[in-house]
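Hi,

Here is the structure I promised to pass on. Have a look at it first, and then read my notes below with the model open beside you.

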Amino acid sequence: MEINNITYSYDHKVNHLDDVSGKIDVGKVTTIIGPNGCGKSTLLGIMANNYVPLKGQIIMDGKRITTMKPKELAKKIAVVHQHNSAPADLTVERLTSYGRLPYKSMFSTNTITDKEAIEWALEQTNLLDKRNKTINALSGGERQRVWIAMTLAQQTPFLFLDEPTTYLDIYYQYEILELVKRLNEEQALTIVMVLHDINQAIRYSDTIIVMKNGKIVTQGKPEQVITKSIIKKIYGVDVSVKEDEQAGLFTIPIGI
Amino acid sequence: MNKKGLISFIIVIVLLFVATIYSVTSGSIQVTFTELVKGLITGTNNEVQVIKDLRLPRIIIAIFAGAALSVSGVLLQSVMRNPLAEPGIIGVSSGAGFMAMLMVSIFPTLFFYMPLFAFIGGALAFFLVYSFSWKSGFDPLRMILIGVAINAIFTSLSQTFNYRGSYTSSMVQDVTTSTLSMKKWADVEIMVIYGSIGLILAFLVFSWCNYLALEDKTAKNLGLNVNVARFVISAIAVLLASVATATAGLFLFVGLLVPHIGRILVGTDHKLLIPFSSLLGALLILLSDTLGRTIIAPNEIPASIIMALIGGPFLIFLLRKSDRIYGN
(Lines give C-alpha, C1' and ligand atoms only; values in the text may rest on other atoms or scores of the structure.)
Protein backbone atom coordinates (compact mmCIF):
# COMPACT_ATOMS: atom_id res chain seq x y z
CA MET A 1 0.00 0.00 0.00
CA GLU A 2 1.33 3.40 -0.98
CA ILE A 3 0.60 6.79 0.50
CA ASN A 4 1.22 9.33 -2.23
CA ASN A 5 1.47 13.05 -1.46
CA ILE A 6 -1.61 13.24 0.74
CA THR A 7 -2.82 16.70 1.70
CA TYR A 8 -5.92 17.03 3.84
CA SER A 9 -7.69 19.76 5.74
CA TYR A 10 -10.77 19.62 7.96
CA ASP A 11 -11.55 23.30 7.60
CA HIS A 12 -9.80 24.33 4.36
CA LYS A 13 -7.66 26.77 6.34
CA VAL A 14 -4.89 24.74 7.94
CA ASN A 15 -3.50 21.64 6.28
CA HIS A 16 -3.86 18.88 8.86
CA LEU A 17 -1.86 16.61 6.60
CA ASP A 18 0.68 18.27 4.38
CA ASP A 19 2.06 16.35 1.41
CA VAL A 20 2.45 13.09 3.29
CA SER A 21 4.04 10.13 1.52
CA GLY A 22 4.96 6.71 2.78
CA LYS A 23 4.64 3.01 2.28
CA ILE A 24 2.94 0.20 4.17
CA ASP A 25 4.70 -3.16 3.85
CA VAL A 26 2.38 -6.06 3.25
CA GLY A 27 2.50 -8.71 5.98
CA LYS A 28 4.12 -6.38 8.52
CA VAL A 29 3.00 -4.41 11.54
CA THR A 30 3.27 -0.67 11.00
CA THR A 31 2.63 1.75 13.84
CA ILE A 32 2.06 5.47 13.54
CA ILE A 33 3.14 7.55 16.54
CA GLY A 34 3.33 11.25 17.25
CA PRO A 35 2.00 13.92 19.61
CA ASN A 36 -1.70 14.81 19.92
CA GLY A 37 -3.06 16.53 16.85
CA CYS A 38 -0.15 15.52 14.63
CA GLY A 39 -2.53 13.94 12.12
CA LYS A 40 -1.91 10.26 12.84
CA SER A 41 -5.56 9.29 13.20
CA THR A 42 -6.40 11.47 10.22
CA LEU A 43 -3.86 9.63 8.12
CA LEU A 44 -5.33 6.31 9.20
CA GLY A 45 -8.81 7.64 8.36
CA ILE A 46 -7.67 8.62 4.89
CA MET A 47 -6.07 5.22 4.36
CA ALA A 48 -9.46 3.69 5.27
CA ASN A 49 -11.25 6.07 2.87
CA ASN A 50 -13.20 7.71 5.68
CA TYR A 51 -11.95 11.09 4.55
CA VAL A 52 -11.21 12.10 1.00
CA PRO A 53 -7.85 13.88 0.67
CA LEU A 54 -7.64 17.28 -1.03
CA LYS A 55 -4.59 16.13 -2.94
CA GLY A 56 -2.79 12.84 -3.38
CA GLN A 57 -4.02 9.31 -3.22
CA ILE A 58 -3.80 5.97 -1.47
CA ILE A 59 -2.91 3.12 -3.82
CA MET A 60 -3.74 -0.45 -2.87
CA ASP A 61 -3.10 -3.38 -5.21
CA GLY A 62 -2.49 -0.85 -7.97
CA LYS A 63 -5.89 0.79 -7.46
CA ARG A 64 -6.84 4.11 -5.94
CA ILE A 65 -9.01 3.39 -2.91
CA THR A 66 -11.26 6.38 -3.62
CA THR A 67 -12.44 4.67 -6.79
CA MET A 68 -13.38 1.43 -5.05
CA LYS A 69 -16.98 0.55 -4.12
CA PRO A 70 -17.68 0.55 -0.36
CA LYS A 71 -18.19 -3.20 -0.21
CA GLU A 72 -15.19 -3.94 -2.40
CA LEU A 73 -13.03 -1.85 -0.06
CA ALA A 74 -14.56 -3.49 3.02
CA LYS A 75 -13.31 -6.83 1.73
CA LYS A 76 -9.76 -5.43 1.71
CA ILE A 77 -9.53 -3.15 4.73
CA ALA A 78 -11.14 -3.53 8.14
CA VAL A 79 -10.92 -0.81 10.77
CA VAL A 80 -11.18 -0.90 14.56
CA HIS A 81 -12.09 2.59 15.70
CA GLN A 82 -11.22 4.30 18.92
CA HIS A 83 -14.82 5.21 19.77
CA ASN A 84 -17.52 2.66 19.19
CA SER A 85 -21.13 2.38 20.14
CA ALA A 86 -23.78 -0.24 19.63
CA PRO A 87 -27.19 -1.00 21.12
CA ALA A 88 -26.67 -2.49 24.57
CA ASP A 89 -28.71 -5.63 23.89
CA LEU A 90 -26.65 -6.75 20.90
CA THR A 91 -24.97 -10.11 21.46
CA VAL A 92 -21.31 -10.79 20.78
CA GLU A 93 -22.17 -13.16 17.98
CA ARG A 94 -24.56 -10.77 16.25
CA LEU A 95 -22.13 -7.89 16.38
CA THR A 96 -19.43 -10.16 14.98
CA SER A 97 -21.81 -11.21 12.21
CA TYR A 98 -22.07 -7.54 11.13
CA GLY A 99 -18.55 -8.05 9.76
CA ARG A 100 -20.09 -10.17 7.01
CA LEU A 101 -21.89 -7.14 5.56
CA PRO A 102 -19.55 -6.74 2.57
CA TYR A 103 -20.42 -10.27 1.46
CA LYS A 104 -24.17 -9.84 1.70
CA SER A 105 -26.71 -8.81 -0.84
CA MET A 106 -30.07 -7.51 0.28
CA PHE A 107 -32.00 -10.75 0.58
CA SER A 108 -29.35 -13.31 1.43
CA THR A 109 -29.14 -14.95 4.84
CA ASN A 110 -26.18 -16.48 6.68
CA THR A 111 -24.46 -18.94 4.42
CA ILE A 112 -21.96 -21.57 5.45
CA THR A 113 -19.00 -19.31 4.65
CA ASP A 114 -20.50 -16.58 6.81
CA LYS A 115 -20.91 -19.01 9.70
CA GLU A 116 -17.35 -20.25 9.32
CA ALA A 117 -15.95 -16.73 9.21
CA ILE A 118 -17.86 -15.73 12.35
CA GLU A 119 -16.75 -18.90 14.13
CA TRP A 120 -13.14 -18.23 13.13
CA ALA A 121 -13.31 -14.60 14.27
CA LEU A 122 -14.74 -15.57 17.65
CA GLU A 123 -12.10 -18.26 18.06
CA GLN A 124 -9.23 -15.88 17.21
CA THR A 125 -10.45 -13.33 19.74
CA ASN A 126 -11.14 -16.01 22.35
CA LEU A 127 -14.82 -15.14 22.59
CA LEU A 128 -16.42 -18.48 21.76
CA ASP A 129 -17.81 -18.97 25.26
CA LYS A 130 -19.07 -15.36 25.41
CA ARG A 131 -20.94 -15.49 22.09
CA ASN A 132 -24.43 -15.20 23.58
CA LYS A 133 -23.58 -12.43 26.03
CA THR A 134 -24.80 -8.93 25.33
CA ILE A 135 -22.04 -6.38 24.88
CA ASN A 136 -23.02 -4.33 27.91
CA ALA A 137 -22.28 -7.41 30.04
CA LEU A 138 -18.63 -7.44 28.92
CA SER A 139 -15.51 -5.85 30.38
CA GLY A 140 -13.70 -3.11 28.47
CA GLY A 141 -11.06 -5.49 27.15
CA GLU A 142 -13.65 -8.05 26.04
CA ARG A 143 -15.66 -5.35 24.31
CA GLN A 144 -12.62 -4.22 22.38
CA ARG A 145 -12.05 -7.85 21.35
CA VAL A 146 -15.61 -8.02 20.02
CA TRP A 147 -14.94 -5.03 17.77
CA ILE A 148 -11.80 -6.79 16.57
CA ALA A 149 -13.82 -9.98 16.02
CA MET A 150 -16.26 -8.01 13.87
CA THR A 151 -13.44 -6.72 11.69
CA LEU A 152 -11.89 -10.21 11.47
CA ALA A 153 -15.20 -11.55 10.17
CA GLN A 154 -14.66 -9.21 7.22
CA GLN A 155 -11.70 -11.45 6.32
CA THR A 156 -9.57 -8.67 4.96
CA PRO A 157 -5.84 -8.72 4.24
CA PHE A 158 -5.47 -5.32 5.97
CA LEU A 159 -6.45 -4.51 9.55
CA PHE A 160 -6.28 -0.93 10.85
CA LEU A 161 -6.55 -0.10 14.53
CA ASP A 162 -6.95 3.44 15.83
CA GLU A 163 -5.52 3.61 19.36
CA PRO A 164 -6.85 0.15 20.26
CA THR A 165 -5.45 0.23 23.80
CA THR A 166 -6.85 3.57 24.94
CA TYR A 167 -9.22 3.31 27.93
CA LEU A 168 -7.91 -0.15 28.80
CA ASP A 169 -5.83 -1.07 31.82
CA ILE A 170 -2.38 -2.50 31.30
CA TYR A 171 -3.38 -6.18 31.26
CA TYR A 172 -5.99 -5.66 28.55
CA GLN A 173 -3.63 -3.39 26.62
CA TYR A 174 -1.11 -6.18 26.29
CA GLU A 175 -3.83 -8.74 25.65
CA ILE A 176 -4.97 -6.70 22.64
CA LEU A 177 -1.43 -6.14 21.40
CA GLU A 178 -0.56 -9.84 21.73
CA LEU A 179 -3.73 -10.63 19.76
CA VAL A 180 -2.69 -8.18 17.05
CA LYS A 181 0.79 -9.72 16.96
CA ARG A 182 -0.64 -13.23 16.66
CA LEU A 183 -2.99 -12.18 13.86
CA ASN A 184 -0.03 -10.76 12.01
CA GLU A 185 2.18 -13.80 12.50
CA GLU A 186 -0.33 -16.61 12.12
CA GLN A 187 -2.88 -15.12 9.75
CA ALA A 188 -0.45 -12.93 7.81
CA LEU A 189 -2.62 -9.85 8.28
CA THR A 190 -1.06 -6.52 7.39
CA ILE A 191 -1.52 -4.34 10.45
CA VAL A 192 -1.49 -0.56 10.63
CA MET A 193 -2.16 0.98 14.01
CA VAL A 194 -1.98 4.24 15.86
CA LEU A 195 -0.45 3.98 19.33
CA HIS A 196 0.40 6.47 22.05
CA ASP A 197 2.86 4.37 24.01
CA ILE A 198 6.33 4.49 22.47
CA ASN A 199 7.49 1.32 24.21
CA GLN A 200 4.49 -0.63 22.95
CA ALA A 201 5.19 0.69 19.46
CA ILE A 202 8.81 -0.47 19.67
CA ARG A 203 7.85 -3.88 20.94
CA TYR A 204 5.04 -4.71 18.55
CA SER A 205 6.01 -3.03 15.27
CA ASP A 206 8.13 -3.95 12.30
CA THR A 207 7.99 -0.37 11.09
CA ILE A 208 7.29 2.88 12.92
CA ILE A 209 6.05 6.02 11.20
CA VAL A 210 6.74 9.15 13.24
CA MET A 211 4.56 12.18 12.58
CA LYS A 212 4.50 15.76 13.69
CA ASN A 213 2.41 18.75 12.51
CA GLY A 214 0.80 16.87 9.65
CA LYS A 215 4.06 15.55 8.24
CA ILE A 216 5.91 12.26 8.42
CA VAL A 217 9.18 12.98 10.20
CA THR A 218 10.72 9.58 9.69
CA GLN A 219 9.79 6.01 8.91
CA GLY A 220 11.78 2.86 9.63
CA LYS A 221 12.60 0.01 11.96
CA PRO A 222 12.04 0.77 15.67
CA GLU A 223 15.73 0.75 16.57
CA GLN A 224 16.50 3.21 13.75
CA VAL A 225 13.63 5.54 14.46
CA ILE A 226 13.43 5.69 18.24
CA THR A 227 16.43 7.74 19.27
CA LYS A 228 17.01 10.35 21.92
CA SER A 229 17.16 13.17 19.39
CA ILE A 230 14.02 12.20 17.48
CA ILE A 231 11.90 11.86 20.63
CA LYS A 232 13.16 15.25 21.80
CA LYS A 233 12.31 16.73 18.42
CA ILE A 234 8.83 15.18 18.25
CA TYR A 235 7.55 15.34 21.80
CA GLY A 236 9.94 17.81 23.38
CA VAL A 237 10.75 15.26 26.04
CA ASP A 238 14.23 14.15 27.11
CA VAL A 239 14.39 10.39 27.22
CA SER A 240 16.92 7.78 27.95
CA VAL A 241 16.90 4.96 25.38
CA LYS A 242 18.04 1.68 26.87
CA GLU A 243 18.45 -1.89 25.83
CA ASP A 244 17.48 -4.66 28.22
CA GLU A 245 18.02 -8.37 27.80
CA GLN A 246 14.39 -9.23 28.53
CA ALA A 247 12.54 -6.07 27.55
CA GLY A 248 14.57 -5.22 24.46
CA LEU A 249 14.77 -1.57 23.45
CA PHE A 250 12.82 0.83 25.67
CA THR A 251 12.65 4.50 26.55
CA ILE A 252 12.18 6.26 29.86
CA PRO A 253 11.36 9.97 30.07
CA ILE A 254 13.85 11.85 32.19
CA GLY A 255 12.64 15.42 31.89
CA ILE A 256 11.25 18.14 29.67
CA MET B 1 -36.38 -14.34 19.10
CA ASN B 2 -36.41 -14.85 22.85
CA LYS B 3 -39.41 -15.94 24.89
CA LYS B 4 -40.30 -12.44 26.03
CA GLY B 5 -40.35 -11.22 22.44
CA LEU B 6 -42.48 -14.11 21.25
CA ILE B 7 -45.04 -13.65 24.02
CA SER B 8 -45.16 -9.91 23.32
CA PHE B 9 -45.89 -10.58 19.66
CA ILE B 10 -48.66 -13.06 20.47
CA ILE B 11 -50.28 -10.76 23.02
CA VAL B 12 -50.27 -7.77 20.68
CA ILE B 13 -51.71 -9.77 17.79
CA VAL B 14 -54.50 -11.19 19.98
CA LEU B 15 -55.26 -7.77 21.46
CA LEU B 16 -55.37 -6.15 18.03
CA PHE B 17 -57.80 -8.82 16.87
CA VAL B 18 -60.03 -8.45 19.93
CA ALA B 19 -59.90 -4.65 19.78
CA THR B 20 -60.90 -4.67 16.11
CA ILE B 21 -63.94 -6.83 16.77
CA TYR B 22 -64.92 -4.79 19.80
CA SER B 23 -64.49 -1.59 17.86
CA VAL B 24 -66.62 -2.75 14.95
CA THR B 25 -69.47 -3.93 17.13
CA SER B 26 -69.69 -1.11 19.67
CA GLY B 27 -70.49 2.59 19.57
CA SER B 28 -73.69 4.51 19.04
CA ILE B 29 -75.00 1.61 16.96
CA GLN B 30 -74.41 -1.74 18.61
CA VAL B 31 -74.64 -5.13 17.00
CA THR B 32 -73.50 -8.58 18.01
CA PHE B 33 -70.66 -10.25 16.21
CA THR B 34 -72.95 -12.80 14.53
CA GLU B 35 -75.34 -10.07 13.34
CA LEU B 36 -72.37 -8.23 11.93
CA VAL B 37 -70.98 -11.19 9.99
CA LYS B 38 -74.44 -12.11 8.70
CA GLY B 39 -75.18 -8.52 7.74
CA LEU B 40 -71.90 -8.09 5.90
CA ILE B 41 -72.50 -11.25 3.88
CA THR B 42 -76.19 -10.77 3.07
CA GLY B 43 -76.27 -6.97 3.00
CA THR B 44 -79.83 -6.95 4.39
CA ASN B 45 -79.20 -5.50 7.87
CA ASN B 46 -79.48 -1.69 7.74
CA GLU B 47 -77.49 -1.15 10.92
CA VAL B 48 -74.64 -3.23 9.58
CA GLN B 49 -74.74 -1.22 6.35
CA VAL B 50 -74.27 1.97 8.37
CA ILE B 51 -71.38 0.36 10.20
CA LYS B 52 -69.85 -0.71 6.91
CA ASP B 53 -70.10 2.78 5.46
CA LEU B 54 -69.09 4.81 8.49
CA ARG B 55 -67.33 2.72 11.08
CA LEU B 56 -65.26 0.21 9.11
CA PRO B 57 -63.33 2.85 7.13
CA ARG B 58 -62.23 4.68 10.25
CA ILE B 59 -61.17 1.44 11.90
CA ILE B 60 -59.05 0.40 8.95
CA ILE B 61 -57.55 3.88 8.72
CA ALA B 62 -56.81 3.93 12.45
CA ILE B 63 -55.00 0.60 12.16
CA PHE B 64 -52.88 1.62 9.18
CA ALA B 65 -52.17 5.12 10.45
CA GLY B 66 -51.01 3.71 13.77
CA ALA B 67 -48.72 1.24 12.06
CA ALA B 68 -47.38 3.87 9.66
CA LEU B 69 -46.65 6.50 12.31
CA SER B 70 -44.97 4.03 14.64
CA VAL B 71 -42.73 2.59 11.96
CA SER B 72 -41.95 6.10 10.78
CA GLY B 73 -40.79 6.82 14.32
CA VAL B 74 -38.57 3.72 14.35
CA LEU B 75 -36.97 4.71 11.06
CA LEU B 76 -36.38 8.35 12.01
CA GLN B 77 -34.85 7.29 15.31
CA SER B 78 -32.50 5.00 13.46
CA VAL B 79 -31.51 7.57 10.83
CA MET B 80 -30.94 10.33 13.35
CA ARG B 81 -29.63 7.95 16.00
CA ASN B 82 -31.82 9.80 18.44
CA PRO B 83 -34.44 8.24 20.70
CA LEU B 84 -36.53 11.40 20.58
CA ALA B 85 -36.90 11.66 16.82
CA GLU B 86 -40.57 11.31 15.94
CA PRO B 87 -42.55 12.57 12.94
CA GLY B 88 -44.85 14.65 15.16
CA ILE B 89 -42.19 16.26 17.33
CA ILE B 90 -39.69 17.14 14.59
CA GLY B 91 -42.34 18.65 12.33
CA VAL B 92 -42.62 16.05 9.55
CA SER B 93 -46.30 15.53 10.27
CA SER B 94 -47.15 19.22 10.54
CA GLY B 95 -45.15 19.94 7.38
CA ALA B 96 -47.11 17.25 5.59
CA GLY B 97 -50.40 18.54 7.00
CA PHE B 98 -49.66 22.12 6.05
CA MET B 99 -48.62 21.39 2.49
CA ALA B 100 -51.61 19.12 1.93
CA MET B 101 -53.95 21.79 3.24
CA LEU B 102 -52.29 24.60 1.30
CA MET B 103 -52.40 22.82 -2.04
CA VAL B 104 -55.92 21.51 -1.58
CA SER B 105 -57.11 25.01 -0.61
CA ILE B 106 -55.56 26.55 -3.69
CA PHE B 107 -56.42 23.71 -6.07
CA PRO B 108 -59.48 21.97 -4.61
CA THR B 109 -59.77 19.77 -7.69
CA LEU B 110 -56.47 18.08 -6.90
CA PHE B 111 -57.93 16.49 -3.77
CA PHE B 112 -56.83 13.00 -4.74
CA TYR B 113 -53.20 14.06 -4.97
CA MET B 114 -53.24 15.06 -1.33
CA PRO B 115 -50.87 12.25 -0.27
CA LEU B 116 -48.34 13.52 -2.79
CA PHE B 117 -48.54 17.09 -1.44
CA ALA B 118 -48.33 15.73 2.08
CA PHE B 119 -45.20 13.81 1.11
CA ILE B 120 -43.61 16.95 -0.33
CA GLY B 121 -44.44 18.90 2.82
CA GLY B 122 -43.14 16.17 5.10
CA ALA B 123 -39.95 15.84 3.08
CA LEU B 124 -39.44 19.62 3.19
CA ALA B 125 -39.83 19.71 6.98
CA PHE B 126 -37.48 16.75 7.39
CA PHE B 127 -34.91 18.28 5.06
CA LEU B 128 -34.98 21.53 7.06
CA VAL B 129 -34.52 19.75 10.38
CA TYR B 130 -31.81 17.51 8.98
CA SER B 131 -29.76 20.24 7.37
CA PHE B 132 -30.07 22.75 10.21
CA SER B 133 -29.09 20.25 12.85
CA TRP B 134 -26.17 18.74 10.96
CA LYS B 135 -22.94 20.24 12.20
CA SER B 136 -20.28 17.59 11.68
CA GLY B 137 -22.64 15.07 13.26
CA PHE B 138 -25.97 15.16 15.04
CA ASP B 139 -26.19 16.72 18.42
CA PRO B 140 -29.37 15.07 19.75
CA LEU B 141 -30.42 18.12 21.71
CA ARG B 142 -29.89 20.60 18.88
CA MET B 143 -31.82 18.33 16.54
CA ILE B 144 -34.85 18.14 18.82
CA LEU B 145 -34.86 21.90 19.44
CA ILE B 146 -34.70 22.63 15.72
CA GLY B 147 -37.42 20.04 15.14
CA VAL B 148 -39.63 21.73 17.73
CA ALA B 149 -39.07 25.08 16.00
CA ILE B 150 -39.87 23.68 12.54
CA ASN B 151 -42.94 21.99 13.99
CA ALA B 152 -44.08 25.28 15.55
CA ILE B 153 -43.65 27.11 12.25
CA PHE B 154 -45.68 24.64 10.22
CA THR B 155 -48.33 24.27 12.91
CA SER B 156 -48.87 28.02 13.10
CA LEU B 157 -48.89 28.31 9.31
CA SER B 158 -51.67 25.74 9.32
CA GLN B 159 -53.56 27.50 12.06
CA THR B 160 -53.57 30.81 10.21
CA PHE B 161 -55.84 29.11 7.72
CA ASN B 162 -58.47 28.64 10.39
CA TYR B 163 -58.81 32.40 10.66
CA ARG B 164 -59.69 32.91 7.04
CA GLY B 165 -63.20 31.88 7.95
CA SER B 166 -63.93 30.45 4.54
CA TYR B 167 -65.01 27.00 3.47
CA THR B 168 -61.42 25.86 3.58
CA SER B 169 -61.22 25.82 7.34
CA SER B 170 -63.91 23.19 7.74
CA MET B 171 -62.53 21.01 4.98
CA VAL B 172 -59.03 21.44 6.19
CA GLN B 173 -59.77 20.35 9.69
CA ASP B 174 -59.50 16.79 8.51
CA VAL B 175 -55.82 17.38 8.16
CA THR B 176 -54.96 19.51 11.14
CA THR B 177 -56.93 17.72 13.80
CA SER B 178 -57.46 14.06 13.79
CA THR B 179 -61.06 13.20 14.08
CA LEU B 180 -61.25 9.90 12.34
CA SER B 181 -64.98 10.31 11.80
CA MET B 182 -66.44 10.83 8.34
CA LYS B 183 -63.84 8.67 6.67
CA LYS B 184 -64.84 7.12 3.38
CA TRP B 185 -63.71 4.04 1.52
CA ALA B 186 -61.78 6.33 -0.84
CA ASP B 187 -59.67 7.44 2.12
CA VAL B 188 -59.17 3.81 3.06
CA GLU B 189 -57.86 3.07 -0.40
CA ILE B 190 -55.22 5.81 -0.20
CA MET B 191 -54.15 4.87 3.31
CA VAL B 192 -53.99 1.14 2.65
CA ILE B 193 -52.14 1.35 -0.66
CA TYR B 194 -49.48 3.89 0.31
CA GLY B 195 -49.32 2.64 3.88
CA SER B 196 -48.68 -0.94 2.77
CA ILE B 197 -46.01 0.13 0.30
CA GLY B 198 -44.27 2.12 3.03
CA LEU B 199 -44.50 -0.68 5.58
CA ILE B 200 -43.14 -3.29 3.18
CA LEU B 201 -40.26 -1.02 2.17
CA ALA B 202 -39.55 -0.31 5.84
CA PHE B 203 -39.26 -3.99 6.58
CA LEU B 204 -36.89 -4.49 3.64
CA VAL B 205 -34.38 -1.99 5.04
CA PHE B 206 -34.30 -3.44 8.56
CA SER B 207 -30.65 -4.48 8.30
CA TRP B 208 -29.60 -0.98 7.24
CA CYS B 209 -31.33 0.35 10.34
CA ASN B 210 -29.32 -2.12 12.42
CA TYR B 211 -26.01 -1.06 10.90
CA LEU B 212 -26.82 2.63 11.38
CA ALA B 213 -27.01 2.00 15.12
CA LEU B 214 -23.21 1.75 15.01
CA GLU B 215 -21.04 4.80 14.52
CA ASP B 216 -21.16 6.17 10.96
CA LYS B 217 -17.52 5.43 10.24
CA THR B 218 -17.86 1.91 11.60
CA ALA B 219 -20.84 1.26 9.32
CA LYS B 220 -18.92 2.81 6.45
CA ASN B 221 -15.89 0.61 6.98
CA LEU B 222 -18.19 -2.40 6.97
CA GLY B 223 -19.03 -1.47 3.39
CA LEU B 224 -22.40 0.22 4.01
CA ASN B 225 -23.08 3.23 1.84
CA VAL B 226 -24.18 5.31 4.81
CA ASN B 227 -25.49 8.29 2.84
CA VAL B 228 -27.63 6.18 0.52
CA ALA B 229 -28.99 4.15 3.47
CA ARG B 230 -29.86 7.34 5.38
CA PHE B 231 -31.57 8.87 2.37
CA VAL B 232 -33.67 5.82 1.53
CA ILE B 233 -34.73 5.16 5.13
CA SER B 234 -35.65 8.84 5.60
CA ALA B 235 -37.73 8.83 2.43
CA ILE B 236 -39.67 5.77 3.62
CA ALA B 237 -40.22 7.37 7.04
CA VAL B 238 -41.49 10.58 5.47
CA LEU B 239 -43.81 8.64 3.13
CA LEU B 240 -45.36 6.75 6.04
CA ALA B 241 -45.80 9.81 8.24
CA SER B 242 -47.18 11.94 5.38
CA VAL B 243 -49.79 9.44 4.23
CA ALA B 244 -50.93 8.87 7.79
CA THR B 245 -51.18 12.61 8.39
CA ALA B 246 -52.99 13.25 5.11
CA THR B 247 -55.67 10.67 5.82
CA ALA B 248 -55.87 10.41 9.60
CA GLY B 249 -54.56 13.79 10.77
CA LEU B 250 -51.91 14.72 13.29
CA PHE B 251 -51.04 12.29 16.03
CA LEU B 252 -48.36 13.22 18.51
CA PHE B 253 -46.33 10.77 20.54
CA VAL B 254 -47.34 7.53 18.88
CA GLY B 255 -44.06 7.43 16.95
CA LEU B 256 -42.23 7.98 20.22
CA LEU B 257 -44.21 5.79 22.56
CA VAL B 258 -44.49 2.66 20.42
CA PRO B 259 -40.83 2.16 19.38
CA HIS B 260 -39.74 2.56 22.98
CA ILE B 261 -42.14 0.00 24.30
CA GLY B 262 -41.03 -2.15 21.39
CA ARG B 263 -37.35 -1.90 22.33
CA ILE B 264 -38.11 -2.92 25.88
CA LEU B 265 -40.24 -5.90 24.80
CA VAL B 266 -38.59 -7.28 21.64
CA GLY B 267 -35.15 -5.57 21.71
CA THR B 268 -33.34 -3.26 19.33
CA ASP B 269 -33.07 -5.62 16.35
CA HIS B 270 -35.09 -3.91 13.62
CA LYS B 271 -36.05 -7.24 12.11
CA LEU B 272 -38.42 -7.64 15.07
CA LEU B 273 -38.81 -4.01 16.09
CA ILE B 274 -40.35 -2.84 12.82
CA PRO B 275 -43.13 -5.46 12.60
CA PHE B 276 -43.80 -5.26 16.33
CA SER B 277 -44.06 -1.47 16.25
CA SER B 278 -46.51 -1.59 13.38
CA LEU B 279 -48.78 -3.97 15.32
CA LEU B 280 -48.54 -2.09 18.59
CA GLY B 281 -49.05 1.28 16.88
CA ALA B 282 -52.13 -0.04 15.11
CA LEU B 283 -53.49 -1.30 18.43
CA LEU B 284 -52.84 1.99 20.24
CA ILE B 285 -54.54 4.27 17.71
CA LEU B 286 -57.42 1.88 17.26
CA LEU B 287 -57.91 1.82 21.04
CA SER B 288 -57.63 5.62 21.27
CA ASP B 289 -60.22 6.06 18.55
CA THR B 290 -62.56 3.44 19.96
CA LEU B 291 -62.32 4.91 23.45
CA GLY B 292 -62.84 8.40 22.07
CA ARG B 293 -66.08 7.52 20.38
CA THR B 294 -67.53 5.17 22.99
CA ILE B 295 -66.83 6.92 26.33
CA ILE B 296 -69.34 9.71 25.81
CA ALA B 297 -71.22 8.36 22.76
CA PRO B 298 -72.80 9.74 20.67
CA ASN B 299 -70.28 12.57 21.18
CA GLU B 300 -66.66 12.01 20.28
CA ILE B 301 -63.25 12.84 21.64
CA PRO B 302 -60.64 12.85 18.83
CA ALA B 303 -58.26 9.91 18.96
CA SER B 304 -55.24 12.21 18.90
CA ILE B 305 -56.34 13.77 22.17
CA ILE B 306 -56.61 10.39 23.87
CA MET B 307 -53.23 9.48 22.38
CA ALA B 308 -51.61 12.67 23.69
CA LEU B 309 -53.09 11.98 27.11
CA ILE B 310 -51.17 8.71 27.16
CA GLY B 311 -48.10 10.05 25.36
CA GLY B 312 -47.48 13.10 27.54
CA PRO B 313 -46.89 11.23 30.79
CA PHE B 314 -44.83 8.65 28.89
CA LEU B 315 -42.49 11.31 27.56
CA ILE B 316 -41.77 12.38 31.12
CA PHE B 317 -41.20 8.77 32.11
CA LEU B 318 -38.87 8.38 29.14
CA LEU B 319 -36.79 11.42 29.99
CA ARG B 320 -36.36 10.06 33.51
CA LYS B 321 -35.32 6.65 32.28
CA SER B 322 -33.43 7.35 29.07
CA ASP B 323 -30.03 5.80 28.28
CA ARG B 324 -31.22 2.48 29.56
CA ILE B 325 -31.56 1.10 26.04
CA TYR B 326 -29.15 3.37 24.19
CA GLY B 327 -25.39 3.58 24.25
CA ASN B 328 -23.14 0.81 25.40
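In what order do the six strands of the open sheet with mixed pairing in chain A stand? Reading across, the order is S6-S7-S8-S3-S9-S10. Before you go further, keep in mind that this is a predicted model.

Let's stay with that sheet for a bit. On average, neighbouring strands here are turned by 15° against each other, if you ignore direction. To see one pairing up close, go to strand S9 (residues 207-212) of chain A, which runs antiparallel to S10(A) and is joined to it by five bridges.

H5(A) packs on it and touches S6 and strand S7 (158-162) of chain A, with a direction at about 170° to that of S6(A). Helix H6 (residues 170-187) of chain A lies across strand S3 (29-33), S7 and strand S8 (190-194) of chain A, and it runs at about 155° to S8(A).

How do H5(A) and H6(A) cross, and at roughly what angle? Their axes come within 9 Å and cross at roughly 20°. The cut-off for calling two helices roughly parallel is an angle under 35 degrees, which is why H5(A) counts as roughly parallel to H6(A). The crossing is right-handed. On the H5(A) side the contact is made by A:Gly140, A:Gly141, A:Gln144 and A:Ile148, and on the H6(A) side by A:Tyr172, A:Glu175, A:Ile176 and A:Leu179. Sorted by class, the residues of this contact come out as four nonpolar, three polar and one charged.

The axes of helix H4 (residues 112-124) of chain A and helix H5 (residues 140-153) of chain A come within 8 Å, crossing at roughly 145°. This crossing is right-handed. From H4(A) you get A:Ala117, A:Ile118, A:Ala121, A:Leu122 and A:Gln124, while H5(A) brings A:Ala149, A:Leu152 and A:Ala153. That contact has seven nonpolar residues, one polar and no charged ones.

Chain A also has an open sheet of four strands, with antiparallel pairing and the order S2-S1-S4-S5. Strand S2 (17-23) and strand S5 (63-64) of chain A are the edge strands, each pairing on one side only. Strand S1 (residues 2-8) of chain A runs antiparallel to strand S4 (residues 55-60) of chain A, and four bridges join them. If you look for A:Thr7, you'll see A:Lys55 of S4(A) opposite. Helix H1 (residues 40-47) of chain A lies across S1, S2 and S4 of chain A, at about 120° to S1(A).

Zooming out, chain A has nine helices and 12 strands. Its radius of gyration is 19 Å, close to the 18 Å that the globule rule gives for 256 residues, so chain A is as compact as a globular protein of that length. Its C-alpha atoms fill a box of roughly 55 × 45 × 30 Å, taken along the principal axes.

H3(B) passes H11(B) in a left-handed crossing. Their contact has 17 nonpolar, four polar and one charged residues.

Last stop: how many residues does each chain put into the contact between the two chains? It takes 22 from chain A and 17 from chain B. On the side of chain A, helix H2 (70-74) and strand S6 (77-80) each supply at least two residues. The largest share of that side, four residues, comes from H2(A). By class, the side of chain A that touches chain B has 13 nonpolar, seven polar and two charged residues.

Cheers

Note on methods: Residues numbered from 1 in each chain as written. Chains lettered and ligands numbered in written order. Predicted model: local features only at pLDDT ≥ 70, side-chain atom pairs only at ≥ 80, totals over all residues. Contact = placed C-beta atoms within 7 Å. Nonpolar A, V, L, I, M, F, W, Y, C, P; charged D, E, K, R; others polar. Pairing = 2+ DSSP bridges. Axes fitted to C-alpha atoms, helices over the stretch in contact; angles between N-to-C directions. Left-handed = near helix turned anticlockwise from the far one by under 90°. Rg over C-alpha atoms; globule rule 2.2 N^0.38 Å. Parallel < 35°, antiparallel > 145°, perpendicular 65-115°, else oblique.
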